[in-house]
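Me: I would like to learn how to read ring contacts and strand pairing in a model of a protein. Could we go through them step by step?

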Amino acid sequence: MTEEIPGPRAYPVVGNLFDVRSDEGSLVAAEQLAEIYGDVFRLNIAGRRQIVVSSAELLIQFTDEHQFEKLPPPALSAGQGPQGLFTARSDDPDWIQGHRILMPAFGPLPVADMTAGMKDIASQMILKWARLGKDNQILLTDDFTRLTLDTIALCSMDYRFNSFYSELMHPFIDAMNGFLSLSGTISTRPKIYNQLLGSSDIAKRKEHNDTMKRIAKQVIDKRRENPVDRNDLLNTMLYGKDPKTGAAMRDDLIMAEMINFLIAGHETTSGLLSFAFMYLLQNPKAYLAAQQEVDRVLGTSSIDAAHLKQLKYLNAVLRETLRLKPTAAALSKHIPSRRQNEYVTICDGKYHLKNDDIIRCLLTKCQTDPKYFGEDAAQFRPERMHEDSPDFSRLMEAWKPFGNGSRSCIGQNFAWQEAQLVMALVLQNFDMRLVDPGYQFVIKQALTIKPKDLYVKVHLRKGLNPELVVQRMHGGSSKAVVMPTTNGTHVATDTESQTRLHVFYGSNSGTCQALAQKLASSASVKLGLSTTIRDLDSAVHNLSPHQPVIIITSSYEGQPPDNAARFVTWLEGSTPKLDNCNYAVFGCGHKDWHQTFHRIPKLVDDKLEKYGGNRIVSMGSSDLSAGTVLDDFEQWQNTLFKELQGHATSDKPPAKQLAEIATDQRTSKLSSGLALGKVKGVKVLTAAGHPEKRHMEIELPTDSVYETGDYLAILPLNPDKLVRRIMAHWSLPRDATITLRSTAFGLPTDIPLGIYDLLQGFFELSEPASKGNIKEAKSFTQDHNTSEQLGRLLVNETVEKVRVRDHTSLFDLLQQYTEIKMPFDIFISNLLPLRVRQYSVSSSPMTNPTTCTITYSVVKHSAAATGQEIQEHIHEGVASTYLSTLSPGDMIQLAVKRTATANLPCAFRLPCTASTPLLMFCAGTGLAPFRGFVQQRAFMLEQNPNLELGPALLFIGCRGQGDRLYAEELDAWQKLGAVDVRYAFSQEDHELAGGCHYVADRMLRDKDDVKSLWRNGAKVYICGSRRLRDNVREATLKVSAQVAGEESWDADTRVEKELKFRAALAQRAVSDIFD
């Protein structure tokens, strides 16, 4: 007895049209439906039943030619006249004839003969990039589209579109793009809509198709009038004979084949190249491995077909790319006519297929099925698809980006060779970087899929210039090139030789970037040194042997920041010669990650010395949890500056200003990648008498994407009251301006700048005063008592802790000690640039991908007085105060930031398998990411009540009933079965808390449930304070001890169990600590 195939409800006329509509295209919508309905679901599109499958096992079944046949894409095969190989049915005589004639032309040897043509077009792109320079931004998808279209045209029919020599596209390209866009739109509409309202679009599509046919006919006529002795596809079609019937191809069929080749042949390969470089740029180890292989195989030689056979790792990169992002994202199948009388079932007889069903194999899901490809199936790991991998043959059975059997892509060899050649040339000649290191992938969908807005910068590798590249492209010798894999040092240009100090930073949250700016400006003022500031990835192959190099970087659970990953991979995976490179390293970290504390700065410091560098001073470091990062940094900086005295410019007088801050374009200097979002809604979550916690819904900038577990980075403004107090302190009116005479600020000089705007939007006004700030303040008073009290503030450890804890800022001290007569410009020069604040996203994109929510506490408290040194004052959190002033309709600078654990074995994400159990622990606003998790689970259950969803236990710590965040939602989701909530109330006795005051207490009370889920493979998440994390850890040890006693473990058993438990934690547990 078969069952009804699950799926969303279909409505009259429109069917499931709105279920497959998405801002990112139908693919994203289909993937979301697969998450909800599982491996098989049904849709009604344009009056036809479609069966969508998303598992590797079903993909293998549906690509068995004995059971199912290819169904041509309806968007391209609906027109009148002959169909090309890509769009024809398998029983079409034209397909049979065309396949027999053209198949030999795409064999390995004929394709190898096309290398020269491929290289011809590729060299146009390579030389264009070389001449544009390293600061030019390149939209990869555009240039790869130009390249692949020109390549297929030249190699197949000796026709040149010359796309790289004109800003305007060839008329054929415009017609093709219009045809594809309209075909996709028309094919998804109900027939009645197209009949009544779609005539205009249908007419336009025909016009575009006629344009393509006219140009194709012109190419054919030109070849007939001017025959050439070329073994290309056009000659094969014009003069070739069907080996079975002896018949030649008709001109109208030749035109159809030409259009097919141009469309399918360029779209898929340009997408493949775009995705391949996207993945390499986001995975520095893979990028380095690919580039090293190219250097080993090609060296400085001009590439030829023989080289391509040796690029095994590059092949693995391309296979893994097509596994994750097959540019033709679905295969369409149907039951062949020979099986029309059979009762066809799938899933061991569970579901019945009808004869007229359209079957869609969703490759992006089938080829990332964790049951077949492993738990890391969604991660880019080229080694998985390397031909030497022991699993290679098995995995290739479910790898179908080119289709299967006799209907597999006839141009596969051509596309593969072209992709290999282009990737090798780019890696051989350039270093490539993302314009935005935190680039978030968004699908651009038409006939195929591509990454949207993938902007990069490229610069020629060391030893290369455009002239040498020209020589190399044309097969000449380029022996003058020194490949950077053997020399990572930097050759200074005339401009760069004027710079005396290079400062590089690795930073996600902005702290290390701010420290880099502070050091650079201080060096300019105190030492008279000119400086450059760049992110750490800019230092790859670019460390100066002539001038000091300063590196300031952080670690994120042992991983480098986004803009330092390439540099770290370069140091780990190569052996650059860094003789005479004078360097110093400062690291920021959080001691809670004790196993990886300062791992990245330590690694950088050690590697630079190992490769020949000279350490200027010992590595400095700071524990961010202690709140003394400025004090630690200034102490290290003072030591560094003493050693740098010999590098100071003797004829340059020190400037009076110190700060390196932002330009008038606030977001571009203070943090990259920010854009404007809009506040949609705000509400207070807590009752009166409880510390205020708020909810905010935000409409994201266009093309922003997020996942549960991600962050929203927000660039705040300082409170208006604080800015006014500061201006009043110096008796500055609201419209006062300042004209800077020094470039040390990084702001425009010699023009008036509004002081109010500078204070509100560019400086950290509430940062705890550092010891350096206090010393600076002390130098501006002549009052003995004030000087003594500031002196005690520097040495009294108790007072110092209070200063840090209560955020006693430099301005707080200036207000308290009125005898300090610090000039305004000196005051702002002591301030750090304003940095972004990160908030966990508390929603799921499944409910609405264009908006997200955050949950935050409004920070406001009274700082107690400590003797005479620090007076009582009010501290308000900069970001939370800013957010609390916003109303619906207000605009806000923000960016989605993926979780720092995204590439770790256990990421702060929902498991890829919905049936995996969850254990979640949080307190206060630490609930934020778990609200997103549970919201997504609830949405999936609402859409598909039969979904096999793993159990989820959510432990929440609150003060009491009035502090229970999202109470109504969580109660409803608990009734639905999306979550089982266990509360602990620290300041109230209530039955909901079961007598437990803290999360750890509730965990011990419900330890049997916790043990059950853990033993069933639960993934564990903690979000909250260090205290919460430590208490949960302690409770875990107590449960473990109880189990050991109950099961009578001996010493050996205990060791064995503990080792297994720790190994499991590394794979299944993750935390997000925010204090």
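This is a predicted model: local features need pLDDT of at least 70, side-chain atom pairs count only at pLDDT 80 or more; totals for chains, interfaces and linings use all residues.

Me: How many aromatic pairs does the structure hold, and what is the geometry of the pair formed by Phe908 and Phe930?

Reply: The structure holds 32 aromatic pairs. In the one formed by Phe908 and Phe930, the centres are 5.9 Å apart with 20° between the planes, and the pair is stacked. Phe908 belongs to the loop between strand S28 (891-897) and strand S29 (918-923), while Phe930 belongs to helix H34 (residues 928-943), so the pair ties together parts 22 residues apart in sequence. Both Phe908 and Phe930 are buried.

Me: Why is the pair of Tyr983 and Phe985 tilted?

Reply: Planes under 30 degrees apart count as stacked and those over 60 as edge-to-face; the planes of Tyr983 and Phe985 stand at 45°, with ring centres 5.8 Å apart, so this pair is tilted. Both of these residues, Tyr983 and Phe985, are buried.

Me: Which charged residue sits over the ring of Tyr287?

Reply: The charged end of Arg566 does, at 4.0 Å from the centre of the Tyr287 ring, and Arg734 likewise lies over the face of Tyr756, 3.4 Å from the ring centre.

Me: How do strands of a sheet pair, and in what order do the six strands of the open sheet run?

Reply: Strands of a sheet pair through backbone hydrogen bonds, in a parallel or an antiparallel way. Here the order is S24-S21-S28-S19-S20-S25, with antiparallel pairing, and the edge strands S24 (837-840) and S25 (851-857) each pair on one side only. Within this sheet, S19 (residues 675-684) and S20 (residues 693-699) pair over six bridges.

Definitions and conventions
Residues are numbered from 1 along each chain as its sequence is written. Side-chain values use heavy atoms; hydrogens and water are left out. Rings of Phe, Tyr and Trp (its six-membered ring) pair if their centres lie within 6.5 Å; planes under 30 degrees apart count as stacked, over 60 as edge-to-face and the rest as tilted. Helices (H or I, at least four residues) and strands (E, at least two) are DSSP runs, numbered from the N terminus. Buried means under 20% relative accessible area, exposed over 50%, partly exposed in between (1.4 Å probe, protein chains only). A charge sits over a ring if NZ of Lys or CZ of Arg is within 6 Å of the ring centre and within 35 degrees of the ring normal. Two strands pair if DSSP finds at least two bridges between them.
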